[in-house]
Amino acid sequence: MAIRWITIVLMLAITGAQWLTGARAAEPQVPVLWDAKERLPKPDLAALPRLRFLTTIDFPPFNFFDGAGRLSGFHVDLARAICAELGIAEKCQIQALPWAELDVALQKGEGEAIIAGIAATPESRSKYAFSRSYLQFPARFIMPKTNALTEPIFDRLRGKRVGVVAGSAHERMLRDYFGTVQVVPFAQLEELYDGLKAGKVDAGFGDGMRFAFWLGSSNAAACCRFAGGPYLAPEYLGSGMAIATRANDPALAAAFDYALQEISVKGIFAEFYLRYFPVSFF
């Protein structure tokens with residue numbers, strides 16, 4: 001248990017996340033996944049005829065069509081910013097396809113990269129070359145505002161009833177990392193929310209991004225807030241979002257790393273993050 005707990009703390013330090021009090025700190029927290037002191041080589045993409053990003057059409061706030069029918073979202077803005085940093089904005093295109101068609105389009109040469117949240121796993125790495133992660137999804141606790149705990153939260157949770165989606169990675173993480181709580185599994189996330197509002201559980205544990213959307217919605221009725229965290233554990237939650245290229249094009253994936261670091265250092269990523277995630281999940 002002690003080793004696992006240290007792992008969480010170290011992951012927080014590596015990503016620049018901070019222990020938070022109450023729902024948020026005074027200012028929204030933006031994840032920092034890039035070391036500003038690291039020097040990545042600037043790529044020369046002058047010979048690249050075009051850069052076509054493939055993404056999905058139905059995953060707001062990452063990708064969606066706005067009221068005027070224009071493709072919009074976090075991934076769209078990020079792709080355009082990457083092209084600008086690489087000095088190839090005039091060669092940049094973004095095409096939205098159904099999720100099931102992305103891989104076929106990439107392998108057929110109908111695009112050079114997929115920016116749609118394909119998980120970087122040992123299996124997927126046999127098909128794709130990946131950039132480094134540009135966004136990760138921490139686990140978070142949510143609690144009623146009147147009873148929300150602050151860090152250090154581990155001992156303060158002892159004996160508390162904590163709701164979690166049954167059979168999820170978050171349930172496994174909760175049982176392994178916070179073994180002193182009373183785990184209350186729910187079949188659906190909506191049932192967890194209802195249970196929290198009705199006082200059937202003292203806290204909920206799950207995906208911070210989904211919790212953030214709920215906390216900012218009318219359904220939450222301003223009942224609750226984040227408590228403790230954020231907690232990053234790649235062995236349970238994965239390594240986050242990365243850009244995928246064909247496996248034989250690692251140089252392009254490395255070029256994305258350069259652009260993503262520049263976007264982070266210049267504050268452009270923070271602008272996008274706060275635009276699309278007004279209730280920060282970090």
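1. A residue is called buried when its relative accessible area is under 20%, and because R52 has a relative accessibility of 12%, R52 counts as buried. The model discussed here is a predicted one, and the points below should be read with that in mind.

2. R52 has a partner in E112, the two side chains meeting in a salt bridge with an N to O distance of 2.6 Å. This pair links distant parts of the chain, since R52 lies in strand β1 (residues 51–55) while E112 lies in the loop between α3 (102–107) and β5 (113–114), and the two are 60 residues apart.

3. R275 and E271 meet through their side chains at 2.7 Å, N to O, and both lie in helix α9 (residues 268–276), 4 residues apart, which is about one turn of the helix. R275 is partly exposed at 42% relative accessibility, and E271 is likewise partly exposed, with a relative accessible area of 45%.

4. The side chains of K266 and E262 form a further salt bridge, with 3.9 Å from N to O; the cut-off for such a contact is 4 Å. E262 counts as partly exposed because its relative accessibility is 21%, where the limit for buried is under 20%.

5. The search for disulfides across the whole structure finds 2, and with the bonded cysteines of the protein chain numbered in sequence order, the pairing is 1-2, 3-4. One of them joins C83 to C92, with an S to S distance of 2.2 Å, and because the torsion about the S-S bond is about 65°, this disulfide is right-handed. C83 is buried with a relative accessible area of 1%, and C92 counts as buried at 19%.

6. The disulfide between C223 and C224 has an S to S distance of 2.4 Å, and with -95° about the S-S bond the link is left-handed. C223 counts as partly exposed at 22% relative accessibility, whereas C224 is buried, with a relative accessible area of 6%.

7. Finally, R225 lies in strand β11 (residues 224–231) and, at 25% relative accessibility, counts as partly exposed. The C-alpha atoms of R225 and I263 are separated by 30 Å, the two residues being 38 residues apart along the chain.

How values were computed: Residues are numbered from 1 along each chain as its sequence is written. This is a predicted model: local features need pLDDT of at least 70, side-chain atom pairs count only at pLDDT 80 or more; totals for chains, interfaces and linings use all residues. Side-chain values use heavy atoms; hydrogens and water are left out. Buried means under 20% relative accessible area, exposed over 50%, partly exposed in between (1.4 Å probe, protein chains only). A disulfide is a pair of cysteine sulfur atoms within 2.5 Å.
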